[in-house]
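Here's a quick briefing to read with the model open beside you.

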Amino acid sequence: KGYKNVTFNEQYFMGHFPGAPIMPGVLILEAMAQISGILGFITTDKKPSENLIHYFAGSNKARFKRPIVPGDQLTLESHLIAAKHNIWKFDCKASVDGELATSAVIMCADRQV
């Protein structure tokens, strides 16, 4: 579980959208991928300092239920579904005040760098 405080001073709100700012869906998916990558490290008891990185490899079943706006606190949750051949699959949810905002299946690939 992780949190993102969404503030109006974030640069993407200048153009997305003028007069009606919402957090871009691609950034919500990115936040889900980041929290999933952290879960991947915790699950394997490894660290990025071991020359390992988790790449965002894809998403499926993305659903956007409500917009994320300045002032929201986004609660991000990720649960491991499967891991096979260095591909990790996670069930992810993003919510605001207990209300589901976005859900997706996120895939990450771990690689040595």
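This is a predicted model: local features need pLDDT of at least 70, side-chain atom pairs count only at pLDDT 80 or more; totals for chains, interfaces and linings use all residues.

The spots worth a look are a patch of positive charge on the surface, a cis peptide bond from His-16 to Phe-17, and two residues, Asn-86 and Asp-97, that have a positive phi without being glycine.

**Surface charge**

- Four residues, Lys-61, Arg-63, Lys-65 and Lys-89, come together on the surface as a patch of positive charge.
- To find Lys-65, go to the loop that links β2 (52-64) to β3 (73-84).
- Lys-65 has a relative accessible area of 56%, so it counts as exposed, the cut-off for that being over 50%.

**The loop between β1 and α1**

- Glu-10 sits in the loop that runs between β1 (2-5) and α1 (25-44).
- Is Glu-10 buried or exposed? It counts as buried, because its relative accessibility is 15% and the cut-off for buried is under 20%.
- Which side chain does the side chain of Glu-10 touch in a polar contact? That partner is the side chain of Lys-4, at 3.1 Å.
- Phe-17 also has its place in the loop between β1 and α1.
- The peptide bond leading from His-16 into Phe-17 is cis, and its omega is near 0 degrees.

- As background, most residues other than glycine have a negative phi, and most peptide bonds are trans.
- Asn-86 isn't a glycine, yet its phi is positive, at about 65 degrees.
- You'll find Asn-86 in the loop between β3 and β4 (87-96).
- With a relative accessible area of 43%, Asn-86 is partly exposed.
- Asp-97 is another non-glycine with a positive phi, this time of about 50 degrees.
- Look for Asp-97 in the loop between β4 and β5 (99-112).
- Asp-97 counts as exposed, because its relative accessibility is 78% and the cut-off for exposed is over 50%.

**A pair to look at in strand β4**

- Asp-91 is part of strand β4.
- The relative accessible area of Asp-91 is 27%, which makes it partly exposed.

Terms used
Residues are numbered from 1 along each chain as its sequence is written. Side-chain values use heavy atoms; hydrogens and water are left out. Patches are made of residues with over 30% relative accessible area and no salt bridge: like charges are joined within 9 Å, nonpolar side chains (Val, Leu, Ile, Met, Phe, Trp, Tyr) within 5 Å. Accessible areas come from the Shrake-Rupley method with a 1.4 Å probe; for residues, only the protein chains shown count as cover. A salt bridge is a side-chain nitrogen of Lys or Arg within 4 Å of a carboxyl oxygen of Asp or Glu. Lys and Arg count as positive and Asp and Glu as negative; His and the chain ends are not counted. The place of a charge is taken as NZ of Lys, CZ of Arg, CG of Asp or CD of Glu. Helices (H or I, at least four residues) and strands (E, at least two) are DSSP runs, numbered from the N terminus. Buried means under 20% relative accessible area, exposed over 50%, partly exposed in between (1.4 Å probe, protein chains only). A polar contact is a pair of N or O atoms within 3.5 Å; within protein, one must be able to donate a hydrogen and the other to accept it, and residues adjacent in sequence count only if both atoms are side-chain atoms.
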